[in-house]
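Thanks for coming. I will go through one structure today and keep it brief. Please have the viewer open.

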Amino acid sequence: MHIVVSIKQVPDSAQIRVHPVTNTIMRQGVPTIINPYDLFALEEALRLRDAYGGEVTVLTMGPPMAEDSLRKALGYGADRAVLLTDRYFAGSDTLATSLALSQAIAKIGETFGTPDVVFTGKQTIDGDTAQVGPGIAKRLDLSQLTYVARIATIDLAAREITVERRCEGGTQTLKSKLPCLITMLEGTNEMRRGSIEDALSAARRQVVKWSAAEAGIEDLTKCGLRGSPTVVRRVFAPTARSEKAAQIDTAEKTLRDLADELIVAIFTRQPALEPELAFDGA
Amino acid sequence: MINEEFDAIVIGAGMSGNAAAYTMASDGLKVLQLERGEYPGSKNVQGAIMYANMLEKIIPDFRDDAPLERHLVEQRLWVMDETSHTGIHYRSEDFNEVSPNRYTIIRAQFDKWFSRRVRQAGATLLCETTVTELVRDDKGKVIGVRTDRAGGAIYADVVVLAEGVCGLLGTRGGLRKMLTPEAVALAVKEMHFLPEEVIEQRFGVKGSEGCVIEAVGTISHDMAGLGFLYTNKESISLGIGCLVSDFTAKMESPYALLDALKNHPSIRPLIAGSEVKEYAAHLIPEGGYKAIPQLFGDGWVVVGDAAQLNNAIHREGSNLAMTSGRIAAEAIIQVKRRNDPMTKRNLALYKTMLDESFVVKDLRKYKDMPALLHNNAGNFFTTYPRLMSQAAQNFMRVDGTPKIEKERATTAAFIKARSRLGLVRDAIRLALAWR
């Protein structure tokens, strides 16, 4: 199987320093790392490859120095690395990023074989949006399995995958068709240490470098700052919600009763909704 | 299982390892370099002063892109007591030459640059890879290494051990003895950040000019030790080091010495208002000529700090490291060209070439110095500095005492402290050790 893992090079937030003289964040010299969440995706991809055979292609979009992250990924045992780098990508928000990455994944499919699974991390530690993975899935029309805690089974013949997905208050077991996109939850595995062969071949392997044009991206107005409608107006700390989701036991009551109770509960909490949504002659 | 064989494996990507790897790779040898840290320089905390000449011999155009902090135009040598310092300052416009002689550098940045050059020269570098064991054939010849990564041994004609001062691998492999506490100093250092203009003002330098202070005296609390202050672009490296054996015997702690140095009235104004961003500690080989271990054997050579090649008297280390790395590489290249095997007998060429260089010549010159200073630390690092300070103050202070009486008082103080015989003996010993 062919697995594509999309990773991001991020500043190591543990080592960001404030310039003692100018009091600005010192971007220069701040060590960069692979977004820690992406490592769970990469390790899961490597495990699938080891179990089912095939190849893992690692993809990143970023400045030329992002090649360091790809080299690291190769050192962990990835088979191929693609760096999407072009000044047109500078200033991309999640919309523009997911566009560029999905185009690159399509191009990877044409060039190296259609991917069966695309992995991303749950989110990045610098942006924290968790939007790029789902954005890629939507654009490539892939089933979307987010917050996956475990991959239960893969049936390559039937083109089916079963995963466990962490959700509020429990775990869902989901079955999907392949190809699909999986965003992997943190703490679900532990990144391996590449063997000496992996390290050696990583040191020598060429990283595939694509510009926007080479990745088949034609509409540059949708790239980078020009293609990014997001504007950060304000940065603030959110207040935590105190209420937890309630669990409904489906075994004890009929679905009709449950639905009735649910509607009553919703209207009790949001009375404004009742005149709008209440239906006559129930 | 790696089927591939290398001409040489270099263990370590510091000054000596990079010099060796660069020299061999530039000559077309197939070189694999293994580094424990995340990237070259990531584990390095040296001061640091870099001597241009020794790097020029390896990379002549290094000034084009190497990360250099300041070139040194002024050196201050201080003898300190509790409240004062007596100093020799040497500053020369001649040091503002087109190709300056000495630079301050920050090793984390410098080593990254050096390593890039090594890889451009064709060597393969693996980081985060610790060599755990030397692999030998049935005759005991070193034929490769094993690492902490899965996948077995890697083989090479020769292994260059550039593993640094502790040299655990070589020690474990029986190539040399364990380091003794008398043969290593423990130096601690802080990086004090200050704006460029402030550094320029305080040290009377401009542009990329820099200044170095090196100090001995009561700051090392009766131990053989040295304090240092180096100016970088936007920071000051300030530190002090003493022999590990002395720290143990005197129950002194390194950070307390550094704290006292920072609060010394001669140092405090130089770092005032700075922000400390790093605290680091490292061992420095101090044993000198007599501590140099076996430098070569069947299938291996050892270079740099691992070979104890450090001139403690002149505080030169990285240039001896670079030079020994280069010379080891050149010896290996010669053996290789003759199609000879990398045996102990053939690799003896490295020792012969190193003996001819300044590295061993300098260390031989000061072969008795470490023991002399160590055994008489109280005299050389406390008694004399105090006497010198008193003498200087006596000379400078104008208080109506006739000059002849002042001079007599100074002489009497020296004789009282060390006796006539003691003074003569110290002078002769020092002269002999310096010779």
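How many residues of domain 1 of chain B are in contact with domain 2 of chain B? Before the count, a caution that this is a predicted model. The count is eight residues of domain 1 of chain B, in contact with 14 residues of domain 2 of chain B. The domain 1 side of that contact has four nonpolar, two polar and two charged residues. The centres of these two domains of chain B, taken over C-alpha atoms, are separated by 29 Å. For orientation, the assignment puts domain 1 of chain B at 5-69 + 105-177 + 293-365, domain 2 at 182-281 and domain 3 at 369-434.

Next, the contact between the chains. Chain A gives eleven residues to it and chain B gives 14 residues. On the chain A side, six are nonpolar, two are polar and three are charged.

Now helix 13 of chain B, residues 377-396. With 20 residues at 1.5 Å each, this helix should span 28 Å, and its end C-alpha atoms are 28 Å apart, so the two values agree. There is still a kink of about 30° at Thr383(B), shortly before the proline Pro385(B). Pro385(B) is itself among the buried residues of the helix, which also include Phe380(B), Phe381(B) and Tyr384(B).

Last, one residue in chain A. Lys253(A) sits in the loop between strand 13 (208-210) and helix 6 (255-269).

Definitions and conventions:
Residues numbered from 1 in each chain as written. Chains lettered and ligands numbered in written order. Predicted model: local features only at pLDDT ≥ 70, side-chain atom pairs only at ≥ 80, totals over all residues. Contact = placed C-beta atoms within 7 Å. Nonpolar A, V, L, I, M, F, W, Y, C, P; charged D, E, K, R; others polar. Helix = DSSP H or I, 4+ residues; strand = E, 2+ residues; numbered from the N terminus. Expected span 1.5 Å × (residues − 1). Bend = angle between axes of the 7 residues up to and from the residue. Buried ≥ 20, exposed ≤ 12 C-beta atoms within 10 Å, placed from the backbone. Domains from an automatic or database assignment.
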